[in-house]
Amino acid sequence: MVAESLITLLKLSSHSSSIKICVEGNIGSGKTTCLQYFSKTSNIEILKEPVSKWQNIRGHNPLALMYQDSERWGLTLQTYVQLTMLDRHLSSANAPVRIMERSIFSAKYIFVENLFRSGKMPEVDYAVLSEWFDWITARIPIHIDLIVYLQTSPQTCHERLKQRCREEEKVIPLEYLESIHQLYEDWLIRQTSAPLPAPVMVISADHDLQKILCQYEKNHDKILGTSTI
Ligand code: TTP
Ligand code: MG
C-alpha cells in the first residue's frame with residue numbers, strides 16, 4: 001500500500017509540463033560548459049551532474065574507488081549514480097525549460113554496459129543493476145523532450161582530461177574513452193543498442209571553446225524550441 005502511494009507520488013512529480021533537455025557525451029566532451037552557456041538565458045533551470053556526490057558520500061569516494069578497482073567497486077558507484085540521477089529527474093521543475101547533464105539512461109546504457117562488456121563487472125552485479133534499472137523505468141515515467149549529443153573524438157576528450165586533471169581520472173586511458181564513444185555512437189547515432197528516450201540533436205564538440213560557443217549561439221533557438229522539432 002505504502003509502495004503503491006509512493007509510486008503514484010513519483011509519477012505525479014515527474015509529470016510537470018516543463019521542457020526537459022539532457023546533454024549527453026563522452027567524459028570531457030564539454031557538457032558542463034554547454035550548461036554554463038545556457039545558464040545565462042533566463043527561464044532555464046540548469047541541473048549539473050552530481051559528480052561531487054559521487055566523490056563524497058559520507059566521507060567515501062566511490063568514483064575514485066571504481067577507477068582503482070572497477071570489478072570490486074563498479075556496482076557501488078553505479079548504484080549511487082543511478083540513485084542520484086533518478087533524484088535529478090524527479091526533482092520538481094522551477095522554470096519552463098530544464099537542461100540537465102546526462103541522464104539515468106546513459107548511466108546504464110553507457111557506463112554500466114561498458115563495465116560489463118569489458119569484463120570489469122561481474123555478471124551478478126550487472127544483473128542486479130539491470131533489475132533495478134528495469135524496475136525504475138517500468139514504474140516511473142522519466143520524460144525527456146530532447147537529447148543534445150556533444151559528439152567528440154575520444155582523442156579530444158583524452159587531451160581535455162589531461163588538461164583538467166580531475167584527480168580520480170588520471171588513470172583513464174584513451175581506450176576507455178574509445179569504448180564509451182562507441183557505446184554512445186551505437187545508442188544515439190546508429191540507434192542499434194538501446195531504446196532512445198527522446199529525439200537527438202547532434203552538436204560537433206571537437207572544436208576549441210570559442211567555436212563551440214558559436215555553435216550554441218547558432219543552435220540556441222533550435223535547442224530551446226524543442227516542441228517544434
Ligand atoms: P561525466 O558525466 O562525463 O562528466 P564530466 O564533467 O567529466 O563531463 P564534461 O567534461 O563533458 O562536463 O563524468 C564524470 C565522471 O563520472 C567521469 O569520471 C565518468 C564517471 N562516471 C561513471 O563512472 N559512471 C557513470 O555512470 C557516469 C554518469 C559517470
Ligand atoms: Mg561536467
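In this predicted model, a polar side-chain atom of Tyr-67 lies 2.6 Å from an oxygen atom of ligand 1, a pair that falls under the definition of a polar contact (N or O atoms within 3.5 Å; within protein, one must be able to donate a hydrogen and the other to accept it, and residues adjacent in sequence count only if both atoms are side-chain atoms). The protein covers 98% of the 600 Å² of accessible area that ligand 1 has on its own, with areas taken from the Shrake-Rupley method with a 1.4 Å probe, where for residues only the protein chains shown count as cover. Local features need pLDDT of at least 70 and side-chain atom pairs count only at pLDDT 80 or more, whereas totals for chains, interfaces and linings use all residues. Residues are numbered from 1 along each chain as its sequence is written, chains are lettered from A and ligands numbered from 1 in the order in which they are written, and side-chain values use heavy atoms, leaving out hydrogens and water.

**Ligand 1 and its shell**

- An N or O atom in the side chain of Glu-169 is 2.6 Å from an oxygen atom of ligand 1, and for the side chain of Arg-166 the corresponding distance to an oxygen atom of the ligand is 3.0 Å.
- Of the 22 residues around ligand 1 (a heavy atom within 4 Å), those that come nearest are Glu-49, Tyr-67, Arg-102, Arg-164 and Glu-169.
- The shell divides into 9 nonpolar, 6 polar and 7 charged residues, where Ala, Val, Leu, Ile, Met, Phe, Trp, Tyr, Cys and Pro count as nonpolar, Asp, Glu, Lys and Arg as charged, and the others, Gly among them, as polar.
- At least two shell residues each are supplied by helix H2 (31-38), helix H4 (62-68), helix H5 (70-90) and helix H6 (104-117), helices being DSSP runs (H or I, at least four residues) and strands likewise (E, at least two), numbered from the N terminus.

**Two arginines with positive phi**

- Arg-102, although not a glycine, has a positive phi of about 60 degrees; it is placed in the loop between strand E3 (97-101) and H6, and counts as buried because its relative accessibility is 5% (buried is under 20%, exposed over 50%, partly exposed in between; 1.4 Å probe, protein chains only).
- Arg-58, also not a glycine, has a positive phi of about 45 degrees and lies in the loop between helix H3 (51-55) and H4, where it counts as exposed because its relative accessibility is 81%.

- Glu-71 lies in helix H5 and, at 48% relative accessibility, counts as partly exposed.
- Glu-71 and Met-121 are 50 residues apart in sequence, yet their C-alpha atoms are 4.9 Å apart in space.
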